Amino acid sequence: MSGQPRTWGLDVSGEPNTRLSDLFGLAGWSKGELARLVNRRAAAMGHSQLATDTSRVRRWIDMGETPREPVPEVLEALFTERLGRVVTIEDLGLVRNGRTGRRRTSGPNDGPDNPDELPWAPERTAAVLTEFTGMDLMLNRRGMVGAGVALTAGTALSSAMHDWLHSDPALVSDAPRLDDPLQADPAGLGRYEAAPIGSQEIEALEHSVEVFRAWDAARGGGLQRKAVVGQLNEVGGMLAYRHPDLLQRRLWGVAANLAVLAGWMSHDVGLEPTAQKYFVIATHAAREGGDRPRAGEALSRAARQMVHLGRPDDALDLMELATSGSGEEMLPRTRAMLHTIEAWAQASMGRGQAMRRTLGEAEDLFVSGKDDVEPPSWTQMFDEADLHGMEALAFRTLADHEPAAAGVAQHHAKRALELRAAGRQRSQIFDYISLASACFIGDDPEQAARYARLALVSMGETSSHRTWDRLREMYRLTGQYAKHAKVEDLRAEIQLSLPKSPVRPRGATI
């Protein structure tokens, strides 16, 4: 009857929803509490007729019943607020509706090792992008931060995305092709007032990426992360329209570049699962725009993140896919950049011979790049200074296994500092820390203390948590020189300067 309250149930799989069950356990609610919260939030959204109860929540969790809208969106918001990290409908194990809306048939990549059902169908990427950024912005508005609970393993990501990334790229859209090339998908308009845009607007968006990228290199990811996520959210809404192919490709390129930046900035401030999600979104956006090299570079960022977190084996899995899936059109200098990341992972595992071979290949590729070929904007940050900086990082990391490598690390770090362009303060700090660490390992505490102080002076001007992570690892090396006067003073300065209650990357190295 029309006067009856609606319970908004959909289909029932008969199998427990383990994703929802796990998050429900983390949240610490009772089923009755969650039912009341859902009704209250839905009423605030204008759905006063919703009447969820304890038995309905039990069916969602224990029988895999999928509720109708707006319940998935309500649950998404409630769990995000409760856990202090972005929780999406996919994280909850619920089927998307509306423009994102068809249940995927089971495939070889589905299952617990592929919780996001990667790769996403073409029509889903812009919707996932818009939803995830929207939830991330909500956390910012409420002053909530959280790093989540787990990262997806590199093996799981690479196996799920391998065949898809190796196939021929083709331009796709999450909006249908109709007679009007600027036709919008009406189901997508609830989150964003979509409107067609032209080349001038896309050019302005491309310029904004450069501004954000320069700011990140100078000051770190903390201060502008929210702005980048907001811009990416708007681009997701723009992708609800089907633009002419050339504009659509450029718009997907903007989405990929912003997603990489959002991921890198999130990684820079310690939001690791959030960062990984953005790297995956960037990979999809680049691939759907037909840019396989950009997709490969996005995956390489996820690999760098894994090395920083002490998971070099996962990094090597991702680098294999990033390199092989990038296609023949990847420029030599870009391949050189990917090789330096692979070398860092090898160094973390103590594979000195493999690391040296990989760095040699990186050097050869770097010098073989033709000056008459304009590199894409996203590779222009990787210059000769960055090449030496990554070599210094790799050799310094290897020095934990082979102390003699510290001397080579010092050489490359000094060369990187000589070549660093203005506006690259964060990279300069990393160079100083690599150099100081290599000097400590090389039994030169006086020089080590001098370079460490140079890093410490600059660190207060950035919002990069990674610089503090690296400094903590360098601090570990000062212990054997604690009685040395200059090192003793340095240790006291570092202790006073370190942020309180740090979240340390497990097994991270300098």
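Helices (H or I, at least four residues) and strands (E, at least two) are taken here as DSSP runs, numbered from the N terminus. With that settled, here are my notes.

1. Ground rules. This is a predicted model, in which local features need pLDDT of at least 70 and side-chain atom pairs count only at pLDDT 80 or more, while totals for chains, interfaces and linings use all residues. Residues are numbered from 1 along each chain as its sequence is written, and side-chain values use heavy atoms, with hydrogens and water left out.

2. Two backbone spots to look at. For context, most residues other than glycine have a negative phi, and most peptide bonds are trans.

3. The cavity. On a 1 Å grid over the protein atoms alone, a cavity is a set of points where a 1.4 Å probe fits but cannot get out, and lining residues have an atom within 4 Å of a point. Grid points are joined across faces, edges and corners, and a volume is the space filled by probe spheres set on the points. The count comes to one cavity of 30 Å³ or more, and the largest cavity holds about 540 Å³. It is lined by 30 residues, with Trp264, Arg304, Asp386, Arg424 and Ser427 the closest to its centre. Helices supplying at least two lining residues each include H7 (199–219), H9 (245–268) and H19 (465–477).

4. Ala, Val, Leu, Ile, Met, Phe, Trp, Tyr, Cys and Pro count as nonpolar, Asp, Glu, Lys and Arg as charged, and the others, Gly among them, as polar. The lining of the largest cavity then divides into twelve nonpolar, five polar and 13 charged residues.

5. H13 against H15. Axes are lines fitted to C-alpha atoms, for helices over the stretch in contact, with angles from 0 to 180 degrees between N-to-C directions. The axes of H13 and H15 come within 8 Å and cross at roughly 10°, so the two helices are roughly parallel (under 35 degrees). In contact (heavy atoms within 4.5 Å) are residues including Trp344 of H13 and Met390 of H15. By class, this contact has nine nonpolar, three polar and no charged residues.

6. An aromatic pair. Rings of Phe, Tyr and Trp (its six-membered ring) pair if their centres lie within 6.5 Å, and the structure holds five such pairs. In one of them, Phe366 and Phe382 have ring centres 6.0 Å apart and planes at 75°, so the pair is edge-to-face (planes over 60 degrees apart).

Definitions and conventions
1 Å grid on protein atoms, 1.4 Å probe; cavity = no way out; pocket = protein on both sides within 12 Å on 5 of 7 lines; lining within 4 Å. Phe/Tyr/Trp six-rings, centres within 6.5 Å; stacked < 30°, edge-to-face > 60°. Parallel < 35°, antiparallel > 145°, perpendicular 65-115°, else oblique.
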